[in-house]
2 protein chains.
Amino acid sequence: MEFSSKLLEKAVNEMAQLPGIGKRTALRLVLHLLKQPSEQTHYLSQALTTMRDDVKFCKNCHNISDVEVCEICSNTSRNHKIICVVEDIRDVMAIENTNQFKGIYHVLGGKISPIDGVGPSQLNISTLVSKVKMGVIDEIIFALSSTMEGDTTNFYVYKQLKEFNVKTSTIARGIAVGDELEYADEVTLGRSIVQRVPFEISLKNN
Amino acid sequence: MEFSSKLLEKAVNEMAQLPGIGKRTALRLVLHLLKQPSEQTHYLSQALTTMRDDVKFCKNCHNISDVEVCEICSNTSRNHKIICVVEDIRDVMAIENTNQFKGIYHVLGGKISPIDGVGPSQLNISTLVSKVKMGVIDEIIFALSSTMEGDTTNFYVYKQLKEFNVKTSTIARGIAVGDELEYADEVTLGRSIVQRVPFEISLKNN
C-alpha cells in the first residue's frame, strides 16, 4: 500500500498492529478519525495512554482495577472461601453478569499454550497455590474454556492443588439453554447424558 | 457491560466509537494493548494525534499529503490536463496501484447522500468547476462507485461541468477480470454487452 502521507502511513501501521485489524481496516478507521473533530482523536489517545499507564491489577485476584484491591475482593458480603479460576478479566465480567456466583475470582491471565510461547510460569498460578496452602479455601471452581489449552491449564493447576486436599469442581459442560439437540456435537451431548442432573435441581436453577 | 476499572471503561468506550468496532471488540483490543509493552500504546496514541493535528490536504486535488501540494500534483511528468474524479483517498491509492493512470486526481471527499446529511456543498465540487472553467483541462474521468449515491454525485458534477464543453468519461463497468459470467448480475452483464470493446483494444490492456 502506497501512502501519500508519511503521517497517515505511520498511524495506519500502528493501528494495524492491533489483533484482527488489517491494513485496510486500519486505513478506514484512521480516515474516519480524520473526518471527525480532532477532539475525538485526542480523547481516544488520552484514554488509551492513561489506561495503559495507570491501570492496576488487584493484588489478590489479578483482576483489572483502579485500586490495589478490586471491588469484588474488597466486598465483605461475598464468600471469600470459594474461588472461581478464570482465564482473563472478560470471563470475570461474563460470570458477574449471570448473578449466580457470590464467591471471589482468580484471574490466571491466559492459558498454557506452548505454540504461543505461554508456559505455566507466565500465569498467575503460584499465588493461587499459596492461597490454597493457607487452608482457608473451601472450594476451587475451574471456569476455563473447553479447548486443548484450557484443559491443559486446568489439569496443570489441578495437579498443583491436589496435595492440599481442597475441593475442586469445573463448570458444567452440556447443551446450551435454547439449543436444539440435533445440532449439538457428540462429545457435548454424550457428556450431558453422563453428567445428568436430578430434574428437581434443574428446576431450581431457572 | 460492567467494568472493574473506570480507566478501562473509558478506553473501551472511546475505542468503540470507531466504525465497525463494537464494545466487545473494543475490549479485546484494549486488553491486547494491556498485555503489550506500554510503548506500543504510546506509539499508537502519538501516531494518531500527530496525524490528526498535522496532516494536510493538497490544495490542488484535496488528497491527503504532508506538504501543501501532494506528490502526484507536483509531479511534472504526469498529464495535468486529465483529471480523475474520485470519492476519497482510498480510491486514489487503488487507482495508483494499477499503474494505468498518469493524469492527476480530484478528491471529492465523499458522495452526495441526503440520508447521511451530505449535500453537494460539503464536497470539493466548486474547486473542480473552477479548474475546468480555466479551460486548460482536456478530460474529466469519473471514477465514482456504482451505487445510488455515486451515480447521483456523478450526475450532479457532470451537470456543473456541462456548460464548459469539457470531455467527460466514466470508468468502464463490466464483468470483472477472472469472474464467471453465470454469477454476474444482469445489469452489469447487460451493460458489458452494450458497451463492448473491439477485441484488439481488449488485447492491448492486458
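Me: Is B:Leu33 buried or exposed?
Reply: This is a predicted model. B:Leu33 sits in helix 2 of chain B, residues 23-35. Buried means under 20% relative accessible area. B:Leu33 has a relative accessible area of 0%, so B:Leu33 is buried.

Me: Which residues does B:Leu33 touch, not counting residues up to four places away in sequence?
Reply: Take chain B to begin with. B:Leu33 and B:Leu44 are eleven residues apart in sequence, with 9.9 Å from C-alpha to C-alpha. B:Leu33 touches B:Leu44, along with B:Gln40 and B:Thr41. From chain A, the residues touched are A:Leu18, A:Leu48 and A:Arg52.

Me: How many residues does the contact take from chain A and from chain B?
Reply: The area buried between the two chains is about 5,100 Å². Carbon and sulfur atoms give 69% of that area. The contact takes 52 residues from chain A and, from chain B, 52 residues.

Me: How many residue pairs are in polar contact between chain A and chain B?
Reply: Salt bridges across this interface come to zero. Polar contacts are a separate count, with both residues at pLDDT 80 or more. Between chain A and chain B, the number of residue pairs in polar contact is 17.

Me: Which helix of chain A gives the most to the side that touches chain B?
Reply: Several elements of chain A supply at least two residues each to that side. They are helix 1 (6-15), helix 2 (23-35), helix 3 (38-54), strand 2 (64-65) and helix 4 (89-98). With 15 residues, the one that gives the most is helix 3.

Me: How many nonpolar residues does the side of chain A that touches chain B have?
Reply: Sort that side by class. It has eleven charged residues and 15 polar ones. The nonpolar residues number 26.

Me: Where is A:Ser65, and which chain B residues is A:Ser65 in contact with?
Reply: A:Ser65 is in strand 2 of chain A, and A:Ser65 is buried at a relative accessible area of 1%. Its side chain reaches the backbone oxygen of A:Val67 at 2.9 Å.

Me: Why is the pair of B:Phe101 and B:Tyr105 edge-to-face?
Reply: The structure holds four aromatic pairs over all chains. In the pair of B:Phe101 and B:Tyr105, the ring centres are 5.2 Å apart. Planes over 60 degrees apart count as edge-to-face. The pair is edge-to-face because its planes lie at 65°.

Me: What is the distance from the backbone oxygen of B:Gly103 to a polar atom of the side chain of B:Arg78?
Reply: B:Arg78 lies in the loop between strand 2 (64-65) and strand 3 (82-86) of chain B. B:Arg78 is buried, with 10% relative accessible area. B:Arg78 and B:Gly103 are 25 residues apart along the chain, yet their C-alpha atoms are separated by 5.4 Å. From that backbone oxygen to the side-chain polar atom, the distance is 2.8 Å.

Me: Which residue's backbone oxygen does the side chain of B:His106 reach?
Reply: B:His106 is in strand 4 of chain B, residues 104-107. Its relative accessible area is 0%, so B:His106 is buried. Among the residues B:His106 touches are B:Cys61, B:Cys84 and B:Asn124. At 2.6 Å, its side chain reaches the backbone oxygen of B:Asn124.

Note on methods. Residues are numbered from 1 along each chain as its sequence is written. Chains are lettered from A and ligands numbered from 1 in the order in which they are written. This is a predicted model: local features need pLDDT of at least 70, side-chain atom pairs count only at pLDDT 80 or more; totals for chains, interfaces and linings use all residues. Side-chain values use heavy atoms; hydrogens and water are left out. Contact means heavy atoms within 4.5 Å. Buried area is the accessible area (1.4 Å probe) that two parts lose on being put together, summed over both. A salt bridge is a side-chain nitrogen of Lys or Arg within 4 Å of a carboxyl oxygen of Asp or Glu. A polar contact is a pair of N or O atoms within 3.5 Å; within protein, one must be able to donate a hydrogen and the other to accept it, and residues adjacent in sequence count only if both atoms are side-chain atoms. Helices (H or I, at least four residues) and strands (E, at least two) are DSSP runs, numbered from the N terminus. Ala, Val, Leu, Ile, Met, Phe, Trp, Tyr, Cys and Pro count as nonpolar, Asp, Glu, Lys and Arg as charged, and the others, Gly among them, as polar. Rings of Phe, Tyr and Trp (its six-membered ring) pair if their centres lie within 6.5 Å; planes under 30 degrees apart count as stacked, over 60 as edge-to-face and the rest as tilted. Buried means under 20% relative accessible area, exposed over 50%, partly exposed in between (1.4 Å probe, protein chains only).
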